[in-house]
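Please look over the sequence and the model before reading on.

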Amino acid sequence: MTDWITRTFWQYTARLILRNRIFILLVLAGVTVFMATQWKHMRFTFTEANLLPDDHPVNVSYNEFLDVFGEEGNLIVIAVKDSTLFTPDNFNAWNKLSKQLQAKPEVSLVVSTDNLKKLVKNTEKQEFELQPLSEGKVATQAEVDSIKNELFERLPFYESLLFNKESGTIRTAVYLDKEIVNTAVRKDFIFNDFIPVIEDFEKQTGIDLRVSGMPYIRTLNAQNIIDEIGTFIAAALLVTSLIFFFFFRSFRATLISMIVVMIGVMWAFGTLGLLKYEITVLTALIPPLIIVIGIPNCIFLINKYQQEFNKHGNQAKSLQRVISKVGNATLMTNMTTAAGFATFIITNSKLLTEFGIVASLNIIFIFILSLLIIPIIYSYMSIPKTKHLKHLNKRWISGFVGWMENTVRNHRIAVFIVSLFALIASIIGIYQIRISGSLIEDMPQGAAFFDDIRFFEEEFDGIMPVEIMIDTRRRNGVMKPSTLKRMDDVEEVIRETPELSDPISVTNLVKYSKQAFYNGNPAYYQLPNSQENTFILSYAKKSEGNANLLSSFVDSTGQIARITTFMKDIGTDKMEEIEADLDKKIRKALPEDRYDVTVTGKALVFMKGTKYLVKNLVMSLSLAIVLISLFMAYMFRSFKMIIVSLVPNLLPLIITAGVMGYLGIPIKPSTILVFSIAFGISVDDTIHFLAKYRQELAANHWHIRKSVYNALRETGVSMFYTSIVLFFGFSVFMISNFGGTKALGGLVSMTLLFAMLANLILLPSLLLALERNIANKKVLKKPYIDVLAEDEEEEQPEK
């Protein structure tokens with residue numbers, strides 16, 4: 001009964017499509033125009049990917065820090081490691097650079113040698129004053145040397161912030177207006193104002209400037225994402241069209257397929273605009289993904305049309321059968337692929353949820369477009385010529401199918417041994433996989449700004465901020481000597497950690513106050529003792545501008561302080577060790593019964609997000625396996641068939657995980673996607689093969705061997721075609737500058753290649769080896785859904 005309903009539905013759908021061709025084309029044109037109008041709503045991301053849900057405790061703590069101290073990622077640093085800077089002309093140009101930047105409305109503060117202030121004691125007024133380090137332009141080398149000497153030898157307050165005493169590297173700190181850091185204004189400032197000023201300085205002086213800081217990195221990284229979208233789309237179109245033409249040797253078939261997928265790309269961009277989602281490093285992959293996934297639909301439909309026409313030469317019947325026979329199979333395979341992407345929705349990560357929604361929707365859209373456009377366009381075209389059908393009888397394809405059949409027929413034991421060996425070796429490899437929570441690991445390693453990141457790691461111990469927020473639970477509690485001493489103990493722990501930079505906090509300012517009290521002697525750059533504290537704080541309280549200096553380190557009530565340090569790009573495991581050790585020592589220095597301490601910052605939020613994501617993506621992959629297993633159960637009504645069908649699809653995933661372990665490719669947000677994507681796509685081949693196998697069993701009176709070989713010959717060519725397109729299509733992502741995207745493309749391509757071999761060799765071998773257990777009418781009952789329509793004469797559509 002279900003079989004009759006399914007067959008009737010698709011026959012009716014075929015007639016509906018072919019009788020209403022003009023109307024359908026007009027509707028598709030209208031929807032495409034509407035989708036194009038939504039492009040204006042597309043937005044490019046201006047923040048880092050937040051992998052955690054908004055209500056996650058780590059996110060809550062970070063947002064609490066932002067509420068107290070504002071955006072922490074607003075610092076851009078410019079550095080020079082070149083002794084020629086300390087000549088009058090170049091030093092004046094360096095100071096002029098900071099003036100030019102300070103004049104920009106997007107910049108709130110520049111700290112450089114040009115405007116550097118030193119704290120000086122005024123004995124008469126009994127207060128501290130801020131005096132400039134230099135007085136305008138320098139005229140002689142002696143003036144430059146004097147400024148350099150005072151900075152490097154007498155101002156330890158600025159060490160690590162503005163200079164590296166050992167290497168002689170000097171830098172300028174540029175603080176952007178916190179209100180524009182996460183907006184499009186930041187991008188305009190970086191490209192239209194900041195970079196031109198930097199380039200002018202380099203051209204004028206011949207000195208190479210190093211630039212870094214989260215706003216700068218994020219802007220250039222986002223621009224790389226935008227630039228790669230067009231490259232991916234062009235490369236995907238080129239690769240898939242060349243492969244398609246190589247298989248079909250038909251310009252018109254290739255052109256029709258390109259039209260279908262290009263409309264699919266337009267709809268993908270339209271969906272992003274319609275839902276007002278940001279274009280991130282993941283959603284940027286969707287348009288080329290639609291091309292790669294859409295072409296196999298075109299292959300199945302066009303191949304079936306040509307096969308049918310080759311049988312009986314009736315174009316109308318061929319077009320109807322394309323829809324009624326292949327439509328159901330193509331729907332089922334697209335649904336499983338969409339399910340693989342849709343499982344990302346359950347991760348509670350905004351980044352992945354949006355990716356899953358848009359990708360799964362557009363996979364269904366590309367199926368609808370393929371099913372409607374291809375038969376309709378062919379109905380207006382002349383019948384296929386002999387040259388269009390030559391590919392159906394290619395010798396090398398027949399040779400490939402013959403090799404597979406021979407392997408399954410005569411070398412099944414070898415197939416099982418190789419599969420078992422691959423499984424064992426892969427399990428060993430899996431134990432070597434590490435998890436990466438690096439903010440910059442996936443950034444373009446060939447880009448100049450990536451080299452600058454490494455430079456700042458070497459010179460200043462990192463650029464990724466880590467914040468420690470200390471709540472003393474009492475107003476003005478921060479400035480109590482006991483609190484300052486405890487904070488200094490925490491900072492000493494940070495100084496002893498090689499992966500962290502020297503900390504910056506209110507204690508630095510208090511130490512500097514003591515140095516100023518003792519007439520600038522750097523030997524007194526330390527916390528005052530209890531006797532000194534009274535005198536020094538009395539000076540500090542009366543000092544003009546002291547509140548401004550404190551505002552960066554202490555909140556307006558004097559109750560909450562921050563300690564800022566910067567972290568190198570290290571692995572997740574090492575980062576967790578440092579965090580655990582730091583947390584233990586912080587609790588000892590700042591007891592929980594007296595202080596509320598929060599360790600946060602961009603680096604830690606991203607690390608926690610990666611760990612959270614790995615856990616949730618394992619759940620999403622498990623859900624994908626369960627969903628697709630239930631789908632197979634509904635189709636084939638056989639538990640044993642579910643187990644058999646899962647083996648050739650899970651083995652490639654395990655092999656890929658093993659390869660990742662051996663090659664040192666870490667588990668991270670980009671590479672963890674591989675498994676759900678590849679599983680959702682590779683199971684399509686299993687569905688096609690088992691559906692044909694079930695059909696052949698019924699046609700051949702349950703003759704198992706004959707049915708397996710017939711199914712292999714019938715489906716082998718199409719499975720090979722689509723797998724090759726998918727392999728090379730996903731390989732396109734390997735041209736990316738982003739390590740994660742590159743790894744995603746390579747790993748999915750490799751997994752799908754393994755999956756093709758597993759479905760064409762291991763699956764038939766299993767069916768033959770287990771024929772007595774699974775190939776009988778009790779196990780292989782009539783399916784609820786007949787994926788492939790039976791070969792029977794169908795009513796011709798009216799023209």
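E492 is partly exposed, because its relative accessible area is 37%, where partly exposed covers the range between buried (under 20% relative accessible area) and exposed (over 50%), computed with a 1.4 Å probe on protein chains only. The side chain of E492 meets that of R495 in a salt bridge, at 3.2 Å from N to O; the term stands for a side-chain nitrogen of Lys or Arg within 4 Å of a carboxyl oxygen of Asp or Glu. Both residues belong to helix α16 (residues 481–495), where they are three residues apart, about one turn of the helix, and R495 is partly exposed as well, with a relative accessible area of 28%. An α-helix has 3.6 residues a turn, so residues three or four places apart point the same way.

The model is predicted, so local features need pLDDT of at least 70 and side-chain atom pairs count only at pLDDT 80 or more, whereas totals for chains, interfaces and linings use all residues. Residues are numbered from 1 along each chain as its sequence is written, and side-chain values use heavy atoms, with hydrogens and water left out. Helices (H or I, at least four residues) and strands (E, at least two) are DSSP runs, numbered from the N terminus.

## Other salt bridges

Across the whole structure, a search finds 18 salt bridges. One of them joins K99 to D114, with the closest N and O atoms 2.6 Å apart; K99 lies in helix α4 (residues 88–102) and D114 in the loop between β3 (107–111) and β4 (117–122), so the pair ties together parts that are 15 residues apart in sequence. K99 is partly exposed, at a relative accessible area of 45%.

A salt bridge also links the side chains of D583 and R587, at 3.0 Å from N to O, and these two are four residues apart in helix α20 (residues 572–589), about one helical turn. D583 is partly exposed at 30% relative accessibility, and R587 is partly exposed at 25%.

## Helix α15 and its cover

Helix α15 (residues 448–460) has 13 residues, which should span 18 Å at 1.5 Å a residue, and its end C-alpha atoms are 18 Å apart, in agreement; the expected span is 1.5 Å times one less than the number of residues. The buried residues of α15 include D452, E457 and E459, along with F449 and F450. Among the elements that cover the buried residues of α15 are β2 (75–80), β8 (210–212) and α7. After α15 comes D461, whose phi is positive, near 60°.

## Helix α9

Helix α9 (residues 286–312) reaches 40 Å from its first C-alpha to its last over 27 residues, close to the 39 Å expected. Of the 27 residues of α9, 23 are buried, so the helix is largely enclosed by the rest of the structure. G313 follows α9, with a positive phi near 70°.

## Residue L697

L697 lies in helix α23 (residues 669–699) and is buried, with a relative accessible area of 0%. Although L697 and S707 are 10 residues apart along the chain, their C-alpha atoms are separated by 5.4 Å.

Technical notes. Contact means heavy atoms within 4.5 Å.
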